Amino acid sequence: MPEEEGATELSHEAVLRLADGRKSVTGLAAALRGLRERGTLAPYWRDVYNWAGEQPELSTPLHLALSGLFAPSPQERLPESVALAIFAKHRRLSGSVTRFEEFAQCPFRHFAHYGLRLEERREQGMHAFDFGTLLHSCLRACGETLHAAGRSWRDVGETEGHEMVQDVLGEIAPRLQNELLLSTKAYEHLLARIGLTAERSLARLISMDSASQFHPVAFERIFGGGSGAMPPLSYDLPHGVRLDVRGQIDRIDFDESGRYFLVVDYKTGKMSLNLLEVYEGLKLQLLTYLLVAKNLLQKTEDHEMLPAGMLYCFLKYEWWQTDHKASPEEIRKHFDAALKMPGWVLADPEVVRAIDATGRFLPIRITAKGEFYASDRPKVKTPEEFDILLKYVNLMLEKTGEEILLGDIAPRPYQMGKRTACDYCPYRAICGFDPTLDGCTYRRLINRKDEELMEDIQQREQERDAEKKGGSDHA
Ligand code: SF4
C-alpha cells in the first residue's frame with residue numbers, strides 16, 4: 001500500500017482494505033513502521049487509528065499489532081534525519097508550552113501526539129475543553145468591557161455581574177458548534193451551569209479586585225500566534241532549526257504604583273505547583289508566561305517592572321453538600337479555602353499584602369512579626385530566585401527542543417508519588433510499556449528540599465553557559 005507523504009485520497013485498494021477492520025489494523029501497523037523508518041505517513045492513517053480505537057472488536061488486534069511496534073527500550077531513538085523530517089518540517093519546531101511539558105512526561109507520549117499525531121476523536125458535543133474555553137471567553141469579554149469603559153472590577157455589583165455574564169453568553173452560545181448549546185434541554189442545562197460558574201467566578205474576581213492593589217491591564221495576550229500576536233519565544237537549535245514557543249497569557253495585572261506586575265492563568269480543573277515539577281520540566285507554563293510578560297513590558301514600559309508573582313486562578317463552582325443549613329459566612333469560608341490560588345509570589349510581605357489584603361485569596365500567611373510561615377516559604381520567591389527560574393525556563397525549553405531533534409521517543413514515563421505519566425494516557429495501546437515487564441520501569445522523581453533543587457538548577461545553568469561558551473569558542 002502506498003504511504004506517500006501528504007497523500008489525502010484513498011486508493012481503491014486502500015478503501016477495500018479499510019472495509020475489513022482487521023486488515024486495516026495490519027495496514028496501520030505497516031504504515032506506522034514506515035513513519036518510524038522513513039518519517040512519512042499518509043494522513044488518512046491517523047483517521048484509521050482513531051476509528052479502530054473506537055471499535056470494541058478491534059481493541060485486541062489493535063493492541064497486538066501495535067504494541068510490538070515500539071519496543072520499550074530506555075535508549076529508544078529515531079535516526080536524527082527521521083526526527084528532523086517528523087518534528088521540524090521546513091526547519092521549524094513549534095508548539096505551546098504544553099507540548100514541551102508532554103515530552104518531559106514521557107518522550108513516547110510526545111512522539112505519539114506530535115509525531116504520529118494520533119488523537120482521540122472528538123465527537124460533536126460539549127467537552128471539558130469547550131467548557132473551559134467558553135468560561136475563558138466569557139470572563140475575558142466582561143474584563144475587556146470594564147477595562148474599555150475605564151471602570152474597575154470592584155465597581156460591579158451582583159446584579160450587574162449577572163446581567164453582564166448573561167449578555168456575553170447570549171452572544172457567544174449561538175456561535176458555538178452550530179448552536180449546539182441551544183439544541184437540547186440537556187445543553188440548555190449545561191449552558192445555565194456555565195452561566196452560574198461564570199457569575200460565581202466573576203464575583204470572586206470582583207472581591208479579589210477590592211482586596212488588592214493589583215488590577216487587570218491585559219487579557220488573553222497571545223504570543224506566537226500569527227498576525228496581531230506578540231512574537232513567539234524563539235531559540236536557535238542545531239541543524240539550523242528554529243524553535244518557536246507560543247501560548248496565551250490569560251491576564252496581566254499591574255499594581256497601583258506601576259512598579260510590579262502579576263501574571264494570572266485561569267484554570268477550570270485541579271492545579272498545583274511545586275519546584276520539583278519545574279525542575280523536571282513538567283510545569284513550565286506559568287514561568288513561561290511570566291518570562292513573555294517581562295520581555296513585553298521591557299519594550300512597552302518606560303521603567304523596569306518587577307514580577308510580583310504568577311498565580312493560577314480557579315474558574316469553578318462546585319456544589320457543597322452539608323448536613324446542616326450553612327450560613328453565608330460558612331459558605332464563603334468553604335469556597336475561600338477550596339479556591340485559594342496556587343502559584344508563587346514575591347517574598348516580600350508588603351507585596352503579598354498588596355496582592356491580597358484579606359488573606360482570602362492567597363494561600364500564604366504572614367506572622368504578627370511580618371514573616372512568612374515556614375510551611376508557606378516554598379510559595380514565595382526572592383527577586384534573585386525569580387531571575388534564576390526565568391533563566392531556567394529558557395534553558396528547559398531549548399534543551400527539550402534539542403532532545404526532540406535527537407529523536408528521543410522512548411516510553412519513559414515519570415512517576416511522582418502515586419501519579420504517573422501513564423495515568424489517563426491515550427497511547428497505552430501502542431507504546432508497549434508495561435511496568436510488570438522486565439526493562440519497563442518508571443522514571444521516579446524524588447522530591448528534595450527546595451534549597452537543594454535551586455542549587456541544582458543553578459548548577460545546570462552554569463553547565464549550560466559553559467557548554468555554550470565552549471561551543472562559541474570553537475566556532
Ligand atoms: S502509557 Fe505511559 S509509557 Fe505509554 S506513552 Fe503513555 S505515558 Fe508513555
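**Exercise 1.** In this predicted model, find how many bridges join strand β9 to β11, and which way the two run.

*Solution.* Start with β9, residues 414-416: 2 bridges join this strand to β11, and the two run parallel. Now zoom out: the order is β10-β9-β11, an open sheet of 3 strands with mixed pairing. β10 (419-420) and β11 (443-444) each have a single partner strand, so they stand at the edges and one side of each is left without a neighbour in the sheet.

**Exercise 2.** Trace the pairing of β7 with β6 and with β8, then work out the hand of the β-α-β crossover.

*Solution.* First, β6 (residues 306-314) pairs with β7 (residues 343-346) in the antiparallel sense, over 3 bridges. Leu 311 has Gly 343 of β7 as its bridge partner. Next, β7 and β8 (residues 380-381) run parallel and are joined by 2 bridges.

**Exercise 3.** Pick out the buried residues of α3 and say where they sit around the axis.

*Solution.* Go through residues 44-53 and you get Trp 45, Val 48, Tyr 49 and Ala 52 as the buried ones. Their arc around the axis is only 100°, which puts them on the same side of α3.

**Exercise 4.** Sort the shell around the ligand by class.

*Solution.* The residues surrounding the ligand include Cys 106, Phe 108, Arg 109, Tyr 427 and Arg 428. By class, the shell has 10 nonpolar, 2 charged and no polar residues. At least two shell residues come from each of α7 (107-115) and α16 (428-431).

Terms used. Residues numbered from 1 in each chain as written. Predicted model: local features only at pLDDT ≥ 70, side-chain atom pairs only at ≥ 80, totals over all residues. Near = placed C-beta within 6 Å. Helix = DSSP H or I, 4+ residues; strand = E, 2+ residues; numbered from the N terminus. Nonpolar A, V, L, I, M, F, W, Y, C, P; charged D, E, K, R; others polar. Pairing = 2+ DSSP bridges. Buried ≥ 20, exposed ≤ 12 C-beta atoms within 10 Å, placed from the backbone. Arc of directions from axis to C-beta. Right-handed = clockwise from strand over helix to strand, strands pointing away.
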